[in-house]
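Visitor: I am new to this structure. Could you walk me through how to read a few of its features?

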Amino acid sequence: MKTGNLNITAVSPYVSSRHKLIFSGLLILALVFFLLDIFLGSVSLKVSEVIQAISGNAVPGVETIVMKFRLPKAITATFVGIALSLSGLQMQTLFRNPMAGPYVLGISSGASLGVAFVVLGLSVNISPESLKGLGNWSLVAASWAGAGLIMLVMLFLSARVKDILTVLIIGIMLSAGISAIVSLMQYFSHETMLKAYIIWTMGSLGNLTASQLNVLLLSVSAGILLSLLSVKMLNALLLGENYAGSIGLNVRFSRIMIFAGTSILAGSITAFCGPIGFIGIAVPHIVRIIFRTSDHKILIPGTILTGSAVMLISDLISQMPGSDNVLPVNSVTALMGIPVVIWVIMRNRKYSGIF
């Protein structure tokens with residue numbers, strides 16, 4: 001079946017052998033890049049030294065590099081890729097918009113505003129580096145609230161504005177407005193807090209404390225669970241809310257559940273790793289190309305594997321193995337995602353119908 005520019009395939013009761021082969025390849029690819037992210041870095045280490053560090057038998061210096069820096073960073077990159085990619089997939093389906101994503105529609109900007117209120121507005125004694133315990137949850141909760149608020153605004157507007165290009169322009173304008181508010185907060189903030197916030201905006205995968213990483217893993221895991229529970233809802237919404245309601249779907253509950261999952265995923269990552277762009281919009285399209293389906297039973301696990309692999313590749317490139325230089329991860333994800341976004345724009349020039 002074909003609706004607008006989107007091919008909607010029949011939902012098969014089983015996963016085809018081709019899809020199983022692709023899943024296996026993506027899993028192996030993600031595992032390989034995860035291991036490379038641990039084995040490679042600015043400090044050259046032998047494979048045996050890394051293995052000893054993981055087993056707890058290495059010298060203190062090597063163990064610190066592997067267990068305190070490389071392994072947490074690889075885990076963070078994996079969950080960042082999963083969270084941003086899943087949030088982008090869900091937003092593209094919910095808004096029926098091929099250009100929807102946390103960065104493009106202002107969701108990441110909303111999450112950034114929540115973080116700004118905590119870091120710049122609520123206390124001069126709190127910074128991303130010093131947040132512990134309840135402070136971590138305060139930061140991520142504020143990020144969730146900001147992301148959720150912008151999602152609600154965008155959904156309200158998209159229901160009344162049918163032209164996709166107009167919706168995108170509104171998203172850009174919202175992002176600009178949020179940036180203006182944050183700029184005012186920066187102007188009146190304490191110098192120490194201003195420096196902490198600016199460093200946070202550059203995006204980083206390696207600055208999380210152990211407590212922050214625990215909060216991130218718990219939050220993203222909850223978002224992943226909500227995404228998995230939303231598979232049937234997302235498949236029904238592909239054909240439009242009116243049709244979904246006619247087949248018995250509780251559209252309001254479905255939207256709330258997808259809102260919650262997307263806000264948790266995008267907000268959690270933005271809270272601790274900064275605004276990382278283009279992964280959320282590019283990866284879902286890559287997955288659709290690979291699997292040639294619109295069935296979210298296939299797309300969600302495919303997005304999980306592909307998103308983690310792409311983010312691990314980005315982290316590998318950004319750390320430039322063998323060099324002391326570290327590139328901003330935002331720059332790497334932009335260079336990888338922009339060609340995909342351009343391809344999507346060229347493929348959907350008319351922006352008509354369901355994407």
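Guide: Gladly! Helices are DSSP runs of H or I with at least four residues, numbered from the N terminus. Ser109, for instance, lies in helix α4 (residues 107-122). This is a predicted model, where local features need pLDDT of at least 70, side-chain atom pairs count only at pLDDT 80 or more, and totals for chains, interfaces and linings use all residues. Residues are numbered from 1 along each chain as its sequence is written, and side-chain values use heavy atoms, leaving out hydrogens and water.

Visitor: Is Ser109 buried or exposed?

Guide: Buried means under 20% relative accessible area, exposed over 50%, and partly exposed in between (1.4 Å probe, protein chains only). At 17%, Ser109 is buried.

Visitor: Which residues does Ser109 touch, not counting residues up to four places away in sequence?

Guide: Contact means heavy atoms within 4.5 Å. Ser109 touches Ser175 and Ile178, with residues up to four places away in sequence not counted.

Visitor: How do I read a pair of aromatic rings?

Guide: Rings of Phe, Tyr and Trp (its six-membered ring) pair if their centres lie within 6.5 Å; planes under 30 degrees apart count as stacked, over 60 as edge-to-face and the rest as tilted. By this rule, the count comes to one aromatic pair. The ring centres of Phe23 and Phe291 are 4.9 Å apart with planes at 45 degrees, so the pair is tilted. Phe23 belongs to helix α1 (residues 17-39) and Phe291 to helix α12 (residues 279-291), so the pair ties together parts 268 residues apart in sequence. Both Phe23 and Phe291 are buried.

Terms used. Helices (H or I, at least four residues) and strands (E, at least two) are DSSP runs, numbered from the N terminus.
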